[in-house]
Amino acid sequence: MNERKPRVAVTLSDEAREVVQRLATLENTSMSKIVTGIVESFLPTARQLADLGEAAQNATAEQKARLTALMEQVEAEVLGKADDASTAFNDVLGKAGGILK
């Protein structure tokens, strides 16, 4: 039996819609499948964020302060690593562009 999945309406910026459309064309699939893939790939992290947020609602003031400090530290570390990864990825894209010229 083919079970129907719940549908969700999503509003995208013009830029996001254009990129999703390009990917869908390249992969010969629908924009919906591209967006679903992006959401599904983020699901483990989203689940952990939801679990942490729900647990934090019942935390003491001291626990909340410690969590806030930890999150600020982690945010700084992650942003630094994201910048490094973005630079490395841009280098690869530049080299790939040189190959395709």
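**Exercise 1. The salt bridge**

Determine how many salt bridges a search of the whole structure finds, and explain why the positions of E18 and R22 in helix α1 matter to their separation.

*Solution.* 

Step 1. A salt bridge is defined as a side-chain nitrogen of Lys or Arg within 4 Å of a carboxyl oxygen of Asp or Glu. A search of the whole structure finds one salt bridge.

Step 2. The model is predicted: local features need pLDDT of at least 70, side-chain atom pairs count only at pLDDT 80 or more, and totals for chains, interfaces and linings use all residues. Residues are numbered from 1 along each chain as its sequence is written, and side-chain values use heavy atoms, with hydrogens and water left out.

Step 3. The side chains of E18 and R22 meet in a salt bridge, at 3.6 Å from N to O. Side chains of opposite charge can pair when their charged atoms come close.

Step 4. E18 and R22 are separated by about one helical turn because they are four residues apart in helix α1. An α-helix has 3.6 residues a turn, so residues three or four places apart point the same way. Helices (H or I, at least four residues) and strands (E, at least two) are DSSP runs, numbered from the N terminus.

Step 5. Accessibility is classed as follows: buried means under 20% relative accessible area, exposed over 50%, and partly exposed in between, with a 1.4 Å probe and protein chains only. E18 is partly exposed at 33% relative accessible area, and R22 is exposed at 51%.

**Exercise 2. The segment before α1**

Identify the residues that form a nonpolar patch on the surface, and decide whether K5 counts as buried or exposed.

*Solution.* 

Step 1. Patches are made of residues with over 30% relative accessible area and no salt bridge; like charges are joined within 9 Å, and nonpolar side chains (Val, Leu, Ile, Met, Phe, Trp, Tyr) within 5 Å. Accessible areas come from the Shrake-Rupley method with a 1.4 Å probe, and for residues only the protein chains shown count as cover.

Step 2. The patch consists of V8, V10 and L12, with about 280 Å² of accessible area together. Among them, V10 lies in the segment before α1 and is exposed at 52% relative accessible area.

Step 3. K5 is also found in the segment before α1. At 71% relative accessibility, K5 counts as exposed.

**Exercise 3. The largest pocket**

*Solution.* 

Step 1. On a 1 Å grid over the protein atoms alone, a pocket is an open set of points where a 1.4 Å probe fits, with protein on both sides within 12 Å along at least five of seven lines; lining residues have an atom within 4 Å of a point.

Step 2. Of its 16 lining residues, P6, R7, V8, S32 and T36 are the closest to its centre.
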